[in-house]
Amino acid sequence: MQVYLPIAEMSVNALLVLGMGWLVGFLSGMFGVGGGFLMTPLLIFIGVPPAVAVGTQANQLVAASVSGVLAHWRRGNVDVKLGVVMLAGGVVGTALGVWIFAILQRLGQIDIAITLSYVFFLGTIGGMMLVESSRALIRRRAPTARRGKLHRHIWLHGLPFKMRFQRSKLYISALLPAGIGLVGGMLVAIMGIGGGFLLVPAMIYLLNMPAGLVAGTSLFQIIFTTAAATLLQAATNQTVDAMLALLLLIGGVTGAQSGTKMGSRLRGEQARLLLSCIVVAVALKLAWDLFARPEDLFTLTSGMT
Amino acid sequence: MVSLSKRRLVQGAAALGGLLLGGTLAATVWAQQLVADLSSHLIAITTGFTGTEVVLFGTTDGAGDVAIVVTGPRVPATVRRKERIAGMWINTDSVRFEQVPSFYTVATSRPLDQIVGRPVLERHQIGLPQLQLGPRETLEPDELAAFRAALIRNKQRAGLYALTFGQVAFLGDRLFRTNIYFPANVPTGLYNVEALLIRNGEVVSAQTTPLVVSKIGFSAELYDIARHRPVVYGVAAVVGAVAAGWAAGAAFRRV
């Protein structure tokens with residue numbers, strides 16, 4: 001069944017897109033990540049223009065994070081105050097990102113910028129996760145666990161504008177969560193991902209937040225940065241395809257249901273090891289595309305760019 | 001009354017003069033030599049659009065060759081060349097062409113080189129080598145040729161420029177027809193379908209028929225709002241996504 005996408009101006013197989021949404025939804029349900037980092041490359045792979053893939057993905061993530069945050073909200077796992085501070089940085093980061101996006105698009109360098117940031121972030125985070133989770137698996141077999149210090153003080157904790165976050169039992173500089181939000185917002189705008197895979201480790205390791213609150217709070221924040229990104233991308237770059245977002249959403253929601261059930265059967269380190277393998281594989285594939293000689297050295301862009 | 005008829009006379013004379021100057025008098029006088037029409041003057045891109053075929057049919061007043069040239073709306077386009085920088089393939093040089101037909105295909109009754117000479121092909125822009133694309137930058141001929149060839153290659157890969165000439169089939173001496181295929185990614189706008197009658201290496205008659213390619217229905221409305229009221233579109237997209245996410249979250253709880 002073919003469906004015409006009005007903004008991407010192409011016809012796609014609806015079942016293929018639904019299937020892709022389902023697969024990414026399944027993985028995101030299983031691992032508790034947004035899955036944007038998989039979806040954007042997949043969309044580009046089936047021929048959706050990168051700019052449209054990124055803009056549409058932001059729209060789809062609004063829905064995905066709303067449905068995700070509801071479950072956390074009911075269990076009280078959202079630190080609203082911290083989320084709002086992150087958000088303040090996040091909105092600035094998103095606006096900055098959309099602005100950079102428009103400039104790069106005009107210069108004809110947006111494709112390489114998207115790919116490079118993917119290779120960098122996915123490679124770094126995926127590699128770190130791979131090392132960490134395989135170590136954790138080995139440690140489980142040979143339990144000689146040394147406990148590290150509970151709370152390490154680094155220069156980041158000496159920053160001004162200290163704020164008290166009762167819910168997370170933290171007394172830290174507001175610049176810290178705002179800065180994390182800023183980076184997250186830029187990622188939403190340029191890469192079309194929620195940035196959960198970057199926010200979650202940053203909140204755990206830099207803010208020392210209680211692990212139970214991290215997922216809910218980052219999702220809460222992602223709702224607003226992706227909403228801002230959708231709005232700005234639609235207004236400045238006109239790259240949000242509502243039809244495509246709808247298809248992805250339907251597939252994603254059903255996939256996430258099965259994924260969550262599957263995920264409860266996996267152990268934490270196993271799930272992380274599997275996820276990190278996927279992340280590293282995506283990064284390697286994108287890096288290969290960057291360095292391999294393209295079939296045609298010339299590309300064509302129609303329109304006023 | 002007098003002034004009115006006088007004005008008409010002046011207008012008529014001016015029009016006649018214009019025709020003579022443009023050399024199109026021949027076309028009007030010999031218009032009956034070639035009559036052609038399309039099976040449809042509107043290609044509607046609906047949500048389920050997967051490409052379509054339009055039949056062009058017509059008649060001539062005797063033996064001769066027919067060439068059909070279909071040209072989409074002309075828009076600017078930029079061709080970029082990748083070069084290896086620090087091991088990576090990165091866009092470097094670019095050339096902007098101002099007058100690129102978004103769609104182009106030709107159908108003929110016989111191979112073109114057998115029926116007409118190069119100057120005529122150039123004058124009527126028949127065939128890909130004869131297309132005038134209006135490059136903005138002034139480059140060395142070799143460079144320009146490379147960028148031009150790349151533009152055509154990319155368009156062909158997208159299925160928007162014909163790889164080979166189509167076939168105009170004659171039924172008897174006078175009746176002819178050809179099928180023009182428009183792929184799913186056909187750009188929207190006003191198309192020009194030109195039918196040319198060629199005898200003894202000269203175009204003796206020509207007729208131009210317009211063809212509109214337009215988005216229709218839901219996808220058209222979406223596109224319209226996205227283009228002309230982008231903020232409204234963005235807000236609607238966000239509200240829709242929040243509602244959908246909420247509904248999905250509620251459904252989750254029950255499962």
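Tutor: A residue is buried if 20 or more other C-beta atoms, placed from the backbone, lie within 10 Å of its own, exposed if 12 or fewer, and partly exposed in between. A nonpolar core is a set of buried Ala, Val, Leu, Ile, Met, Phe, Trp, Tyr and Cys residues joined through C-beta atoms within 7 Å. This is a predicted model, in which local features need pLDDT of at least 70 and side-chain atom pairs count only at pLDDT 80 or more, while totals for chains, interfaces and linings use all residues. Residues are numbered from 1 along each chain as its sequence is written, and chains are lettered from A and ligands numbered from 1 in the order in which they are written.

The largest nonpolar core holds 147 residues, of which A:L5, A:I223, B:A67 and B:I68 touch the most other members. Helix α8 (residues 211–237) of chain A gives the most to this core, with 14 residues; helices (H or I, at least four residues) and strands (E, at least two) are DSSP runs, numbered from the N terminus. Setting aside residues up to four places away in sequence, A:I223 touches A:V62, A:S65, A:V66 and A:V69. Another core, of 9 residues, lies apart from the largest one and includes B:A77, B:V95, B:F147 and B:L151.

As for the interface, 49 residues of chain B are in contact with 46 residues of chain A, contact meaning that C-beta atoms, placed from the backbone, lie within 7 Å. On the side of chain B that touches chain A, β5 (74–85), β6 (88–101), α5 (141–157), α6 (218–228) and α7 (230–254) of chain B each supply at least two residues. α7(B) gives the most to that side, with 15 residues. By class, that side has 28 nonpolar, 14 polar and 7 charged residues (Ala, Val, Leu, Ile, Met, Phe, Trp, Tyr, Cys and Pro count as nonpolar, Asp, Glu, Lys and Arg as charged, and the others, Gly among them, as polar).

Strand pairing also links the chains: strand β5 (residues 298–302) of chain A and β5(B) run antiparallel and are joined by 5 bridges, where two strands pair if DSSP finds at least two bridges between them. Within this pairing, A:T299 stands opposite B:R80 in β5(B).

Chain B also has an open sheet of 4 strands in the order β1-β3-β10-β9, with antiparallel pairing. Since β1 (34–38) and β9 (169–171) of chain B stand at the edges with a single partner strand each, one side of each is left without a neighbour in the sheet.

Key: Two residues are in contact if their C-beta atoms, placed from the backbone, lie within 7 Å.
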